[in-house]
Amino acid sequence: MATASQFFFLMALMGAGQVVNNEAFEWAHNMPDMSHATAEIGRFINDIAAYKLGKCKNDAPSAVECYMKEYGMTGEEAMAAVAEMIEQAWRRMNRAYMELKGTLKPAAQCLLNLGRSFETFYLHGSKDGLTYGRDVKELITLYFLKEVHV
């Protein structure tokens, strides 16, 4: 699976300073299942969004397209199956986080936040906010700049 999230995770830990100790960095360097689950979330949610937006001429086949071809499914059925894979990756990640000892939790929190950011940037698979940032800009404005009247 092609993704750079594990690389970005290690880079983020290097810049975390005193928050992350050597034990946590070694844990992250060994690419735990949480790291793989985060990469799966990012890859699959990107593939769902890309499938919905349409394929460009030179794009490699997405997980949705591969699933359609391999199992003879429609696009909607394949997107549902890939969405279920995302759900399973979240479950693995949450289970692994709950089983970690306290010294590793700050590093694991970075992985959880990375997975959450994928959900935000891809707007739960409905759009590609990384490529077409207008929708994410509106979301960030809503989160941080608009007043909330209570």
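The secondary structure of the chain comes to seven helices and zero strands, where helices (H or I, at least four residues) and strands (E, at least two) are DSSP runs numbered from the N terminus. This is a predicted model, in which local features need pLDDT of at least 70 and side-chain atom pairs count only at pLDDT 80 or more, while totals for chains, interfaces and linings use all residues. Residues are numbered from 1 along each chain as its sequence is written, and side-chain values use heavy atoms, with hydrogens and water left out.

**Overall dimensions and burial**

- Read along the sequence, the chain follows the pattern α-α-α-α-α-α-α, and its C-alpha atoms fill a box of roughly 45 × 45 × 30 Å, taken along the principal axes.
- Of the 150 residues of the chain, 36% count as buried, where buried means under 20% relative accessible area, exposed means over 50%, and partly exposed lies in between (1.4 Å probe, protein chains only).
- The accessible surface of the chain comes to about 9,500 Å², of which 57% belongs to carbon and sulfur atoms; accessible areas come from the Shrake-Rupley method with a 1.4 Å probe, and for residues only the protein chains shown count as cover.
- Among contacts (heavy atoms within 4.5 Å) with a separation of 6 or more, 61% are accounted for by residues 24 or more positions apart.

- In helix H1, which spans residues 5-14, the buried residues are Ser5, Gln6, Phe9, Leu10 and Leu13.
- Because these residues cover an arc of only 140° around the axis, they are on the same side of H1; the arc is that of the directions from the helix axis to the C-beta atoms.
- The buried residues of H1 pack against helix H2 (22-29), helix H3 (33-53) and helix H6 (105-121), whereas the face turned away from the buried side carries the exposed residues Phe7 and Met14.

**The largest nonpolar core**

- The largest nonpolar core has 32 residues, and those with the most contacts inside it are Trp27, Met34, Ile41, Ile86 and Met93; a nonpolar core is a set of buried Ala, Val, Leu, Ile, Met, Phe, Trp, Tyr and Cys residues joined through side-chain atoms within 4.5 Å.
- The elements that give two or more residues to this core are H1, H2, H3, helix H4 (63-71), helix H5 (75-99) and H6, and H5 gives the most, with eight residues.
- Leaving aside its neighbours within four places in sequence, Trp27 is in contact with Phe9, Pro32, Met34, Leu100, Leu104, Ala107, Ala108 and Leu111.

**The loop between H2 and H3**

- Met31 is found in the loop between H2 and H3 and is partly exposed, with a relative accessible area of 25%.
- Met31 has a positive phi of about 50° although it is not a glycine. Most residues other than glycine have a negative phi.
- Pro32 lies in the loop between H2 and H3 as well and counts as buried, at 15% relative accessibility.
- The C-alpha atoms of Pro32 and Ala108, 76 residues apart along the chain, are separated by 9.8 Å.

- Ser35 has its place in helix H3 and counts as buried because its relative accessibility is 1%.
- Neighbours within four places in sequence aside, Ser35 is in contact with Gln6, Phe9 and Leu111.
- His36 is found in helix H3 and is partly exposed, with a relative accessible area of 36%.
- Not counting residues up to four places away in sequence, His36 touches Gln6, Met31 and Arg92.
- The C-alpha atoms of His36 and Leu111, 75 residues apart along the chain, are separated by 9.8 Å.

**Exposed sites and a surface patch**

- Asn58 lies in the loop between H3 and H4 and is exposed, with a relative accessible area of 71%; its C-alpha atom and that of Asp47, 11 residues apart along the chain, are separated by 15 Å.
- Ile140, Leu142, Tyr143, Phe144 and Leu145 form a nonpolar patch on the surface, with about 600 Å² of accessible area together.
- Leu145, one of the patch residues, has its place in the segment after helix H7 (134-144) and counts as exposed, at 66% relative accessibility.

Definitions and conventions: Patches are made of residues with over 30% relative accessible area and no salt bridge: like charges are joined within 9 Å, nonpolar side chains (Val, Leu, Ile, Met, Phe, Trp, Tyr) within 5 Å. A salt bridge is a side-chain nitrogen of Lys or Arg within 4 Å of a carboxyl oxygen of Asp or Glu.
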